[in-house]
Each structure stands twice: as C-alpha cells, then as structure tokens.
Amino acid sequence: MSVKIAKEYFPRLTDEGVVVREYDEERDKVAVEELERQCEVEQQGKPSLVTDLMGDPLCRARSLPLHIMLVAEYGEGENIVGVIRGCVKSVTRGNSVHVKLAYILGLRVSPNHRRLGIGTKLVRELEEWCKQNGAEYAYMATDCTNEASINLFTKKCAYLKFRTPTVLVQPVHAHHKPIGSGIGIIKLIPQLAESIYRRIFANSEFFPRDIDSILRNKLNLGTFVALPKKSLSKWDPKTGILPPSFAILSVWNTKEVFKLQVKGVSALTYVCCMGTRLLDACLPWLRLPSFPDVFRQFGVYFLYGLHMGGKYASRLMKSLCAFAHNMARDDAGCGAVVAEVGQGDPAREAIPHWKRFSWAEDLWCIKKLVDANQDDSNEKCEPSDWIKSQSSSSVIFVDPRDF
C-alpha cells in the first residue's frame with residue numbers, strides 16, 4: 001500500500017500581523033487547550049454541550065491519514081488566538097464517482113480577537129493546504145442555528161448550503177432494551193463488511209474509498225447484521241449477498257477520542273433528569289425511559305453504515321439499534337447512541353431516538369476548490385461539478401471519523 005505524504009505547510013504572515021502556521025504539539029498544546037477553554041467559558045449561563053478533547057487537540061482529525069491543524073498567532077507576544085483542523089480523503093459523490101474531498105472542522109477564535117478576520121484567514125490558509133494535497137472540494141458541518149459559523153463560511157468564504165442530514169440521539173437507559181423475537185444478530189468480519197458496504201453504498205454520497213481502514217480501526221466495535229432467524233440457516237455470509245430481509249450497521253466508539261458534558265442547566269432540570277435514572281435503575285423491569293448522567297463527562301457510540309431492505313426491514317433495524325444500545329449500556333461512561341442519516345434515507349424512520357435531543361437538520365456546506373480548467377478528474381463523462389449535478393441517491397454515508 002502506498003503512503004501519501006502531505007505537502008508541508010510553511011508559516012505565512014497574513015494581513016494585520018496574523019501569522020498562520022502548522023500546529024506543533026510540544027510548543028502549542030497548552031496554549032490551544034487554553035483557547036478551547038476560553039471559547040467554552042463564553043457559553044456559560046445557558047445550557048450547552050461541551051467537548052473535552054482529552055488532552056489531544058488534534059484527536060478528531062488524527063484517524064485520517066492526511067490531516068493538519070493550523071494555529072493563528074497575533075501580537076508581539078505571538079499569542080495563539082485561533083485554530084482550525086482539516087483532512088483530505090477520497091469519497092463518492094454518487095454514481096460510483098470518486099472525488100478528493102477536504103473536511104474542515106474545529107475552527108476556534110479567541111473571544112477577544114473576533115471580527116479581525118482571523119477565522120477567514122484560517123479557513124483560506126487551510127483551503128490552500130487542501131488544494132496542494134489534491135482536494136477538489138471542501139465541506140464543513142455545523143448546527144443549522146449557528147449563524148456565526150454559517151455566515152463566515154457562506155458569506156465570506158463562498159461556501160454553499162449543500163446537504164442537511166438528520167442527527168438522531170438515543171439516550172442510554174439503565175435497563176437493557178429487548179431484541180425483537182425471532183430476530184438473529186450476526187457480527188461480520190471486516191473483510192465481509194467491506195465487501196457488502198462497497199456494493200450497497202456505491203451510489204451514495206460521501207462514501208470513503210478507505211472504508212477498509214475504518215472497519216479495521218481500533219475504535220470500530222464491529223459491523224452487525226440483523227435478519228429473521230428463519231433465514232439464518234439459508235444465508236451464507238461468505239457469499240457477501242444479503243438475505244431478502246436485513247438491517248446492517250457499524251458501531252464507532254467516540255468516547256476513546258473525546259468526551260461530552262452538558263453544562264448550564266437549572267437545578268430543577270438536573271433533579272428531574274437524575275430522578276428518572278434512579279427509578280430506572282431501581283425498577284429495570286418496568287423499562288422506564290430514563291435520562292443518563294450527562295452532567296458529568298460521558299461518551300457516545302456513533303452508528304454508521306446503516307442500511308436495510310426487505311419486508312421486515314424496519315423491525316430489524318429497530319432491533320439492531322436496540323442491540324447497539326445494550327452494547328453502550330454495558331460500557332461504563334457511555335451516555336448516548338447517535339446516528340446521522342440523509343433526510344430521505346429509508347432507515348431514518350426506523351432508528352429509535354428522542355426527538356427533543358435530536359436535530360432535524362445538520363447543515364453541510366461545500367465549496368469547489370478547483371475550477372473547470374484545473375479539474376483533472378478521470379471521470380470525463382460525468383458532470384464536472386458535484387455541487388450542480390443532481391444527487392443519484394437519497395443516502396449519505398456519514399464517516400464516523402468526521403463525527
């Protein structure tokens with residue numbers, strides 16, 4: 001397997017005395033962690049979800065082989081006032097066509113240095129690095145209510161609103177959830193899971209070419225298939241052909257990368273939530289829907305590669321999600337099971353979730369980094385612009401490394 005070496009990023013002095021350079025862990029770790037804390041303090045006084053990167057500011061991009069983190073220095077003291085992360089990978093854009101895509105994440109600017117253009121400079125410098133490493137497009141994801149982020153990317157950096165997948169959140173209860181009667185669940189070996197995924201997601205968008213690396217990653221807890229027990233004796237997994245009725249998904253353990261915590265809730269809310277947990281723990285046979293202790297740091301299991309088919313598809317998917325919930329329930333410190341799927345994905349309606357804690361639209365914005373004359377894609381017969389071409393599928397494959 002060939003190893004891709006990222007183009008080196010050299011420090012660059014931008015306008016107004018801002019220096020943008022690559023993150024140096026030994027030199028910058030403490031300053032970046034302090035910057036993250038400053039941005040967190042700004043949210044105090046209202047309910048907010050806080051992320052703890054567990055001492056590794058680059059953790060969310062590190063699982064991808066081609067990644068970088070840039071920092072912005074400002075003033076005579078060369079204080080770090082901004083950071084941004086990014087990575088480049090090959091994904092499908094539909095119709096089995098692959099493109100090089102950059103993912104931009106983790107943009108932070110010190111509250112005392114906003115409106116100086118630092119965020120814009122970081123985005124543009126990261127885009128240059130992405131282009132140098134072959135990226136044809138760049139995209140970012142944000143909450144549809146995050147007006148500051150949306151305005152920065154759409155109004156100042158020329159990104160376009162592109163896709164709005166749905167994020168579905170299921171709290172982990174104190175009791176186990178029942179698996180439907182007559183349903184069998186099988187864990188697939190990575191090679192078989194890869195073969196199945198490459199076939200069923202060939203026409204989807206954002207399906208990563210290096211799916212084999214994801215399935216073999218230590219954070220991947222397995223790929224599971226649910227099917228009627230009466231089909232077990234008739235199905236040979238080695239063929240790679242799924243039975244007439246099935247559901248499939250994989251589980252990614254994000255709690256080894258980062259932890260979440262809810263802060264800023266009222267005392268009454270806290271007491272009510274913890275009360276449901278106490279009742280569920282004391283009376284598990286009642287299967288009361290309880291709220292986990294998200295007021296302390298907790299981890300998340302992320303479900304990806306969700307797909308289903310056949311007469312019993314919906315029931316099988318619900319049982320498979322219950323199986324994943326029970327995995328999380330048995331893992332101390334896991335507070336929620338999360339899935340993200342396209343608006344029109346048939347699996348969406350079958351995935352159990354709490355509507356209050358889910359959000360219907362997670363906004364993805366995209367930008368083409370190369371013009372038509374620079375586009376050296378081998379797919380000459382395909383429309384040259386992914387953004388303008390009509391999607392060939394309602395299914396979006398959400399890479400767990402991007403969550």
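A quick word on the model. It is predicted, so to speak of local features we need pLDDT of at least 70, and side-chain atom pairs count only at pLDDT 80 or more, while totals for chains, interfaces and linings use all residues. Residues are numbered from 1 along each chain as its sequence is written, and side-chain values use heavy atoms, leaving out hydrogens and water.

Back to Asp330: its side chain meets that of Arg329 in a salt bridge, at 3.3 Å from N to O. By salt bridge I mean a side-chain nitrogen of Lys or Arg within 4 Å of a carboxyl oxygen of Asp or Glu. Arg329 is partly exposed, at 34%. Shared partners also link Lys89, Asp210, Asp399, Arg401 and Asp402 into one salt-bridge network. The structure holds 21 salt bridges.

Another one pairs Lys255 with Asp331, 3.2 Å from N to O. Lys255 sits in the loop between strands E13 and E14, and Asp331 in the loop between helix H9 and strand E16, so this pair ties together parts 76 residues apart in sequence. Those helices (H or I, at least four residues) and strands (E, at least two) are DSSP runs, numbered from the N terminus. Lys255 counts as buried, at 10%.

Finally, cysteines: a search of the whole structure finds 0 disulfides, meaning cysteine sulfur pairs within 2.5 Å.

Methods:
Buried < 20%, exposed > 50% of the residue type's maximum accessible area, 1.4 Å probe, protein only.
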